[in-house]
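Have a look first, then we'll talk.

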Amino acid sequence: MSCPCKYVFGPVPSRRLGRSLGLDLVPFKTCTFDCLYCQLGRTTDLTVKRKPYVPSQAVLEELDRYLKTGIRPDYITFSGSGEPTLNSDLGCLIAAVKRRTRIPVAVLTNASLLWKPAVRDALAAADVVLPSLSAGNSRIFHLVNRPHSDLKYGLMLEGLLKFAHQFKGKIWFEVFLLKGITSMEKEVERLAKVARKINPSRIQLNTVIRPPSDPLAKPVSTEKMRHLAFQFGRNAEILPDFHASRGSKSRTGEATGIKALLGRRPCTLSDIAQGLHISHSEALKILGKLIEQKSVVSKRQNGQAFFTTIGAQGENR
Ligand code: SF4
């Protein structure tokens, strides 16, 4: 089944959430940050304004159509083209999803707006929230995340800690590390200190995997990541490679499905095949056609080929 959807995409192969059906609540590259490592390219709408960026009814209609297929992703995830907590309907949408299905709901966030009580309330009904942090102080915050001018590091941290103490679901805390910027023990210790205060169910260490928006963003080696993980304690892990959950049914790989997937994130051939449950050769055949039509291009990162749609360079988060 191809998905002519605008707001529902995937399931995408997520290293943290298995097969994750995405709900995209903001227009492409609407974010509170403009991170060096963003795989979506530069932020075109750098904002802190919360509003209903997309029509909630249309999001739910698309989700209803998807749920009727009987295909069960591992998670329904609010993520996509920017920061989902910017959408002021997020809380109502989480509640509406939970009325429709028992599939757990996850939200990926850069944590920048958690100082707002309305954002903490909106997230309260989610099963898992995955906040991300890539800076242990204000200087690195400005260098790496290039935030909207209204955002202050101290306030963001305060909001993150308040949220961690209030939230009843699970918190999987992502720490994003960059070679030569945050991979030094002193910087890592600052991040580890925040992680200890949050006391999340999981600490997930991540680095640059997909092509970043800025060449300054360089990956930390796996060996170094393993070494740094010790500073975060027992529940720290390095993000694993994606493995699709066994026994889930799938959609067939059609060009529109692949384009929808690549429009939100660059993927390897294996990502596409596993995420859409199609064979490598089927994925390759469709990719070949899309490249010929000039709607998809390939890029190399760390010796791997990533495919992305033209016009959108592509969840780090
Ligand atoms: S990585 Fe996430 S938080 Fe950073 S600019 Fe991209 S979408 Fe926004």
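Q: Which residues is valine 175 in contact with, once its neighbours within four places in sequence are left aside?
A: The list is Leu133, Leu191, Ala195, Ile203 and Leu205. To count as a contact, a pair needs C-beta atoms within 7 Å.

Q: What does the meeting of the two domains look like in numbers?
A: The chain is divided into domain 1 (8-250) and domain 2 (252-312), and their C-alpha centres lie 23 Å apart. Domain 1 brings 19 residues to the contact and domain 2 brings 15. On the domain 1 side, the elements giving two or more residues are S1 and strand S2 (18-23). S1 gives the most there, with five residues. By type, that side of domain 1 divides into 10 nonpolar, six polar and three charged residues.

Q: What makes the peptide bond from glycine 10 to proline 11 stand out?
A: The bond is cis, with omega near 10°. Proline 11 sits in strand S1, residues 8-14.

Q: Which residues come nearest to the ligand?
A: Cys31, Phe33, Cys35, Cys38 and Asn110 do, out of 12 residues around the ligand. The shell splits into five nonpolar, four polar and three charged residues.

Q: Why is threonine 43 called buried?
A: The cut-off for buried is 20 or more other C-beta atoms within 10 Å. Threonine 43 has 22, so the residue is buried. Its place is in the loop between strand S3 (30-31) and strand S4 (45-46). Leaving aside neighbours within four places in sequence, threonine 43 is in contact with Lys29, Cys31, Phe33 and Asp34. As for alanine 58, that residue is 15 residues from threonine 43 in sequence and 25 Å away in space, C-alpha to C-alpha.

Q: What makes glutamate 237 partly exposed?
A: Partly exposed is the band between the two cut-offs, 12 or fewer for exposed and 20 or more for buried. Glutamate 237 has 14 other C-beta atoms within 10 Å, so it falls in that band. The residue lies in strand S10, residues 236-238. Neighbours within four places aside, glutamate 237 is in contact with Arg202 and Gln204. Its C-alpha atom is separated by 9.0 Å from that of asparagine 206, 31 residues apart along the chain.

Q: Why does cysteine 92 get the label partly exposed?
A: Cysteine 92 has 15 other C-beta atoms within 10 Å, so partly exposed is the label. Its place is in helix H2, residues 90-100. Cysteine 92 and alanine 125 are 33 residues apart in sequence and 9.6 Å apart in space, C-alpha to C-alpha.

Q: What is the confidence across the chain, and where does pLDDT stay under 50?
A: The mean pLDDT is 89, with 91% of residues reaching 70 or more. Over residues 242-253 pLDDT stays under 50, and the model has 33 contacts beyond four places in sequence for that stretch. Where pLDDT is low, predicted coordinates should not be read in detail.

Terms used: Residues numbered from 1 in each chain as written. Predicted model: local features only at pLDDT ≥ 70, side-chain atom pairs only at ≥ 80, totals over all residues. Contact = placed C-beta atoms within 7 Å. Near = placed C-beta within 6 Å. Nonpolar A, V, L, I, M, F, W, Y, C, P; charged D, E, K, R; others polar. Helix = DSSP H or I, 4+ residues; strand = E, 2+ residues; numbered from the N terminus. pLDDT = per-residue confidence, 0-100. Domains from an automatic or database assignment.
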